[in-house]
Amino acid sequence: MAINGVRYVARTDRDSVQVGTATWYGPGFHGRKTANGERFDSGLVTAAHRSLPMPSLVKVTNLDNGRTLIVRINDRGPFVRSKIIDMSARGAELLGFRGNGSARVKIQVLEEAERFQALQQQRDQARKSQVASAGKPDDLHDTPYIAVPPAPRVPDRLPEIVGNAGDEAKPSGLFVAAAKATRPQQVATLSDALRRFGPVSTAAAAGAIELRIGPFIDPKAASTALKQVAAAGYSGARVVAE
């Protein structure tokens, strides 16, 4: 596509990491169509990027304060070459730079391989916790996880999930504990089904593996997610805090 005489081509090197300046936009654009045909809503967590595919999910880290945020790309910009991403007003607020107007950030595209690697790490942690609490042989030692199938369509509205750059190893906050599984195939199947509600992680739970969605930044967001999960048939879902 071409804007103001400049042609923008979607990136294919989705494994790259970008570091640069982020700004935010909103005044004068609210309600207008974005580059992929949606109506821009400054209250949603979205962003504009010059070349990433739409929609893409990216993790944006504010290098000034360590905050991280999962963001959906649905527009093109910024059109000032010294900037690498234009956040919505809500996204800038959650990342802590709305008042300053800009921040130095790192952008990482969320890939299926990264999700699978995180699931493997969480599986190892859960296995060790189970063995330590039960005092039994490590009967899960040689059981590999099955790769999770490709993610479903990116939802229009994402949960507002904020973290800190140093928290990747163990997220904390409010989670929706949606279901439990005892076999790797069950974990893979449930993960695929639950990811439409947000990022899925696992935790040890009395001889099983519990699948959780989150973390969420406030009780209201967690409550909303809980209602959506329960309405989808997970009647035993509940909110837990870590």
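This is a predicted model: local features need pLDDT of at least 70, side-chain atom pairs count only at pLDDT 80 or more; totals for chains, interfaces and linings use all residues.

Visitor: Which residues form a nonpolar patch on the surface?

Guide: Val17, Val19 and Leu63 do, with about 240 Å² of accessible area together. Patches are made of residues with over 30% relative accessible area and no salt bridge, where like charges are joined within 9 Å and nonpolar side chains (Val, Leu, Ile, Met, Phe, Trp, Tyr) within 5 Å. Val19 sits in strand 3 (residues 17-25) and is partly exposed, at a relative accessible area of 43%.

Visitor: And what share of the residues count as buried?

Guide: Of the 242 residues, 43% count as buried, where buried means under 20% relative accessible area, exposed over 50%, and partly exposed in between (1.4 Å probe, protein chains only).

Visitor: Switching to charges, how many salt bridges are there?

Guide: The count comes to 6 salt bridges, a salt bridge being a side-chain nitrogen of Lys or Arg within 4 Å of a carboxyl oxygen of Asp or Glu. Arg90, Glu93 and Arg98 are linked in a network of them: the closest N and O atoms are 3.3 Å apart for Glu93 and Arg90, and 3.7 Å apart for Arg98 and Glu93.

Visitor: Where do Glu93 and Arg90 lie?

Guide: Both lie in helix 1 (residues 89-95), 3 residues apart, about one turn of the helix. Helices (H or I, at least four residues) and strands (E, at least two) are DSSP runs, numbered from the N terminus. Arg90 is buried, with a relative accessible area of 19%, whereas Glu93 is partly exposed at 38%.

Visitor: What about the salt bridge of Glu210?

Guide: The side chain of Glu210 meets that of Arg212 at 2.8 Å, N to O. Glu210 counts as buried at 2% relative accessibility, and Arg212 counts as buried at 11%. Lys180 stands opposite Glu210 in strand 12, and 6 bridges join strand 10 (residues 174-181) to strand 12 (residues 208-216), the two running antiparallel.

Visitor: What is the strand order of the open sheet of 4 strands?

Guide: The order is 11-12-10-13, with antiparallel pairing, and two strands pair if DSSP finds at least two bridges between them. Strand 11 (200-205) and strand 13 (238-241) stand at the edges with a single partner strand each, so one side of each is left without a neighbour in the sheet.

Visitor: Which helix lies across strand 10?

Guide: Helix 4 (residues 219-231) lies across strand 10, strand 12 and strand 13, at about 30 degrees to strand 10. Axes are lines fitted to C-alpha atoms, for helices over the stretch in contact (heavy atoms within 4.5 Å), and angles run from 0 to 180 degrees between N-to-C directions.

Visitor: Which residues does a cis peptide bond join?

Guide: One joins Gly77 and Pro78, with omega about -10 degrees, and Pro78 is found in the loop between strand 6 (67-75) and strand 7 (83-88). Another joins Gly214 and Pro215, with omega about 10 degrees, and Pro215 is found in strand 12.

Conventions
Residues are numbered from 1 along each chain as its sequence is written. Side-chain values use heavy atoms; hydrogens and water are left out. Accessible areas come from the Shrake-Rupley method with a 1.4 Å probe; for residues, only the protein chains shown count as cover.
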